[in-house]
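Please study the sequence and the structure shown below, and then work through the exercises. Each task is followed by a solution in steps.

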Amino acid sequence: MNPDYDILITCKVKLPTFSGDNRGDDVSYDLWRYQVACLIKENYRHEIIAQAIRRSVHGTASRIVMQLGVEATVDDVIDRMDSIFGSVDVKEVLLAQFYTACQGDDEDVSSWGCRLEDILNKALQRGNIYEQDTDEMLRAKFWKGLRPELRKVSMHKFDRIQEFNQLLIAMREIEEQHRQDSALKEKSSTSSPDKENISSDETTELKAMVQKLTAQLQEKETRTSTLTKNSMSTLVALLVHCNH
């Protein structure tokens with residue numbers, strides 16, 4: 001094969017960074033391994049895949065690959081990496097995680113669906129389930145594990161939609177509508193106290209006006225009563241004087 005062509009292909013083949021040290025720029029091991037598996041499936045030459053692996057590993061993972069020696073095959077590297085970084089969950093644990101999982105309080109439906117898929121893929125890789133069963137398992141568990149407020153408004157979607165991906169899309173739409181409705185209710189409840197305060201202020205003002213008018217009327221009545229009494233006293237005095 002043309003060496004220049006090999007160089008060109010090698011430059012195009014790139015794997016994400018993995019160290020096994022939980023560095024910020026690392027991908028998870030299962031994602032890194034998936035990328036390697038894709039290169040193998042696409043029939044890239046052994047030397048090209050091996051070189052891509054060596055360039056992608058850093059830290060602890062790099063030392064592990066180095067310790068295998070320059071003659072190590074891709075299978076040798078993957079077997080060694082699996083033994084150190086691969087999942088060790090037994091099938092019962094994985095399936096228990098899957099069937100007991102529920103959507104978190106702060107978890108959107110997309111993240112919830114991805115988390116379920118991740119658990120089920122691990123079980124699939126360990127030969128715990130058949131691939132043809134995964135879509136229905138995901139569809140059923142995804143809906144049953146939704147938060148109650150989303151599940152109770154989406155039963156018609158679950159009954160009608162028979163594919164996990166389509167159900168996920170439908171639930172994202174429902175979630176967005178639910179989020180908008182909640183925001184509208186919150187805004188409405190926030191503005192209600194202002195209206196109550198305005199109403200309360202108006203009521204207080206009206207009460208003050210009524211009290212003022214009542215006081216004025218009472219004062220007027222008192223003056224009228226006093227004037228009437230004085231007039232009667234004067235009239236009585238005149239009558240007495242006339243009789244004398």
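The exercises below treat the chain as a whole, a loop residue and the nonpolar cores.

This is a predicted model, in which local features need pLDDT of at least 70 and side-chain atom pairs count only at pLDDT 80 or more, while totals for chains, interfaces and linings use all residues. Residues are numbered from 1 along each chain as its sequence is written, and side-chain values use heavy atoms, with hydrogens and water left out.

**Exercise 1.** Determine the secondary structure of the protein chain.

Solution. Step 1: helices are DSSP runs of H or I with at least four residues, and strands are runs of E with at least two, numbered from the N terminus. Step 2: the protein chain has eleven helices and zero strands.

**Exercise 2.** Decide whether D26 is buried or exposed.

Solution. Step 1: D26 lies in the loop between α1 (3-12) and α2 (29-41). Step 2: buried means under 20% relative accessible area, exposed over 50%, and partly exposed in between (1.4 Å probe, protein chains only). Step 3: D26 counts as buried because its relative accessibility is 18%.

**Exercise 3.** Describe the largest nonpolar core.

Solution. Step 1: a nonpolar core is a set of buried Ala, Val, Leu, Ile, Met, Phe, Trp, Tyr and Cys residues joined through side-chain atoms within 4.5 Å. Step 2: the largest core has 22 residues, of which F98, L116, F142, L146, L167 and M171 touch the most other members. Step 3: α7 (109-125), α8 (134-144) and α11 (164-243) each supply at least two residues of this core, and the largest share, six residues, comes from α11. Step 4: apart from this core lies another, of 21 residues, including L39 and V74.
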